[in-house]
Amino acid sequence: MSLSKWVRRIGKPVIFAACLVPVSLIVADIFQGRLGANPIEEITHRTGDWTLIFLLVTLGVSPLRRLTGWGVVVQFRRMLGLFAFSYGLVHFSIYVVFDHFFDLAAILEDIVKRPYVTVGFTSLMLLVPLAITSTKGWVKRLGGRRWNRLHQLVYVSAAGGVLHYLWLVKADTRRPIVFGLVLVALLATRLWRPGKRGRRAEAVVRDAKASLG
Amino acid sequence: MLIRKPDDIKSSDITPESTYINRRKFIGRGVAFGAIAVAGSAAPWAVRAATGRRDEDVQDEPLTSYEHVTTYNNFYEFGTGKEDPSRNAHTLRPRPWTVTVEGEIDKPGQYDLDDLLRGITIEDRVYRLRCVEAWSMVIPWRGFPLSKLISRFEPTSKAKYVEFHTLYDVEQMPGQRGRVLPWPYVEGLRMDEAMHPLAIFATGLYGEDLPNQNGAPFRLVVPWKYGFKSIKSIVRIRFRATQPQNTWAIVAPNEYGFYANVNPEVDHPRWSQKRERRLPGLFKRRKTQLFNGYADQVGHLYAGMDLRRNF
């Protein structure tokens with residue numbers, strides 16, 4: 001089997017199924033009543049955690065490729081990014097439905113008045129254009145360089161997500177700090193790039209093409 | 001006590017028959033439940049359920065299940081996750097338990113808890129518990145008014161406040177290894193709040209001794225204040241002339257105050273306090289009541305106070 005066939009037939013379905021594991025576990029826990037006294041809070045926290053984890057994993061794809069030379073990993077990046085966005089959407093929808101029951105005024109008040117909601121909402125909204133332009137057509141339309149520029153927004157979104165978590169917790173900041181440190185480490189690998197500028201630009205274009213799958 | 005004339009009584013104050021019937025049903029359930037829960041051991045709860053709730057009890061609101069009351073706890077001494085305390089609190093040894101009583105009193109000293117409790121009648125109280133995190137429960141506590149114990153210590157006229165400390169012992173409370181909060185946990189009340197008949201020391205819930213994760217062997221329950229005021233596993237009671245610094249107000253003074261009275265009009269800076277989620281409910285639809293629904297009983301304590309400033 002050629003590599004591209006392997007990616008299509010085996011690699012992607014396996015990663016796709018793996019990405020569904022967290023949400024499947026949540027659903028299983030719902031049906032078995034294992035979410036405790038405050039199921040909505042539990043689901044909100046878990047989907048929030050997974051949104052950040054998927055964002056960080058997505059951001060880890062390029063560094064992993066550079067470190068290992070496995071070009072193939074880039075082909076899974078779009079899927080991982082879209083899963084990050086999906087978990088984020090579920091996280092936000094639960095808040096809209098169960099915390100506010102579609103009370104738009106209350107939601108707006110939250111977004112305007114409470115910094116952790118402001119930054120969380122903004123971070124999710126930043127992912128919307130990225131999800132929309134994740135298709136082949138959009139990469140062509142924008143051109144690799146511009147497309148890449150736009151998709152750098154994912155760093156802003158991830159940083160916002162970490163801040164959202166940090167501002168939300170009452171006293172125990174350990175988990176958001178771990179997420180933050182991972183993000184900083186991933187950013188650092190971006191800044192540290194051996195090789196010439198020209199090669200870097202080339203890599204950027206190659207990246208964009210590769211992520212088309 | 002004010003005795004109302006018949007024309008003072010609004011028709012809305014009269015319990016509708018459907019509510020009355022529901023109450024009977026509840027009591028019926030209570031008996032059944034009590035029989036299962038205590039299985040013949042602690043008869044008082046069954047008796048209590050049979051006699052129904054008293055005036056100071058929450059009426060017409062179903063109890064939060066024993067399982068939820070004992071597995072969803074904020075007790076950072078055993079971890080910051082809600083289920084951590086129920087998993088980790090087995091290391092706590094609630095007996096023997098020494099309580100240090102000190103400060104502006106005539107009878108300071110170190111007391112064994114069982115000596116302190118001798119001769120005190122344990123009562124059942126069904127109270128709402130409203131957490132500052134916008135969730136709430138209804139819990140059948142066992143305990144006795146603070147005032148009964150406090151009067152024994154004979155506070156001097158200088159005693160204007162009373163301060164409480166939780167046990168600080170990393171062997172028994174592994175969560176204290178981390179510096180999540182400054183230990184020990186400290187809370188306090190104004191003297192008139194402490195002497196209010198609704199403020200109790202709880203020694204049990206659901207007819208049995210307090211489980212460790214709920215603050216064994218004895219804790220405060222102040223139902224008109226946010227849950228964090230109701231300090232658990234108390235080892236020190238200090239009477240003071242000045243207002244104590246309570247832990248959460250030290251950690252985040254713009255978010256948590258000394259009074260921490262439940263108030264839907266005064267938002268926590270990071271979330272609204274207008275509504276609450278009555279566990280295990282899914283929607284945050286219950287309207288939060290001023291003083292958690294105990295305004296008639298405790299409102300006078302705060303007459304003339306700016307509740308927005310004294311949050």
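Predicted model: local features only at pLDDT ≥ 70, side-chain atom pairs only at ≥ 80, totals over all residues.
Across the fold, the C-alpha atoms of Gly120(A) and His164(A) are 5.1 Å apart, although 44 residues separate the two in sequence.

## Interface between chains A and B

Contact between the chains involves 21 residues of chain A and 27 residues of chain B. Together the two chains bury about 2,000 Å², and 51% of this is on carbon and sulfur atoms. Ala37(A), Arg114(A) and Lys170(A) provide 34% of the area that chain A buries against chain B, more than any other three residues.

Five salt bridges are counted between chain A and chain B. One of the salt bridges joins Asp99(A) to Lys284(B), with the closest N and O atoms 4.0 Å apart. Polar contacts between chain A and chain B number 10 residue pairs, with both residues at pLDDT 80 or more. On the side of chain A that touches chain B, the elements giving two or more residues are helices H2 (39-68), H3 (77-99), H4 (104-113) and H8 (153-168) of chain A. By class, that side of chain A has 11 nonpolar, two polar and eight charged residues.

Strand S3 of chain B (residues 123-130) is largely enclosed by the rest of the structure, because eight of its eight residues are buried. Glu123(B), Arg125(B), Tyr127(B) and Leu129(B) point one way from S3(B). Asp124(B), Val126(B), Arg128(B) and Arg130(B) point the other way, and the residues of both sets are all buried.

S3(B) pairs with strand S4 of chain B (residues 135-145) in the antiparallel sense, over eight bridges. Within this pairing, Glu123(B) is opposite Gly143(B) of S4(B).

## Thr64 of chain B

Thr64(B) belongs to the loop between helix H2 (43-51) and helix H3 (66-71) of chain B. Its relative accessible area is 2%, so Thr64(B) is buried. A polar atom of the Thr64(B) side chain lies 2.8 Å from the backbone nitrogen of Val138(B). Leaving aside residues up to four places away in sequence, Thr64(B) touches Val69(B), Met137(B), Val138(B), Tyr206(B) and Leu279(B).

## Salt bridges

Over all chains, the count comes to 37 salt bridges. Asp110(A) and Arg114(A) form one of them, with the closest N and O atoms 2.6 Å apart. Asp110(A) is buried at 7% relative accessibility, and Arg114(A) is buried with a relative accessible area of 2%. In another salt bridge, the side chains of Asp172(A) and Arg174(A) meet at 2.8 Å, N to O. Here Asp172(A) is buried at 17%, whereas Arg174(A) is partly exposed at 49%.

In chain B, the side chains of Glu61(B) and Arg278(B) meet in a salt bridge at 2.8 Å, N to O. Because Glu61(B) lies in the loop between H2 and H3 of chain B and Arg278(B) in strand S11 (residues 275-278) of chain B, the pair ties together parts that are 217 residues apart in sequence. Glu61(B) is buried at 11% relative accessibility, and Arg278(B) is buried at 17%. Elsewhere, salt bridges with shared partners link Glu109(A), Asp110(A), Lys113(A), Arg114(A), Asp267(B) and Lys274(B) into one network.

Terms used: Residues numbered from 1 in each chain as written. Chains lettered and ligands numbered in written order. Heavy atoms only, no water. Contact = heavy atoms within 4.5 Å. Buried area = accessible area lost by both parts, 1.4 Å probe. Polar contact = N/O pair within 3.5 Å; in protein donor to acceptor, adjacent residues only side chain to side chain. Helix = DSSP H or I, 4+ residues; strand = E, 2+ residues; numbered from the N terminus. Nonpolar A, V, L, I, M, F, W, Y, C, P; charged D, E, K, R; others polar. Buried < 20%, exposed > 50% of the residue type's maximum accessible area, 1.4 Å probe, protein only. Pairing = 2+ DSSP bridges.
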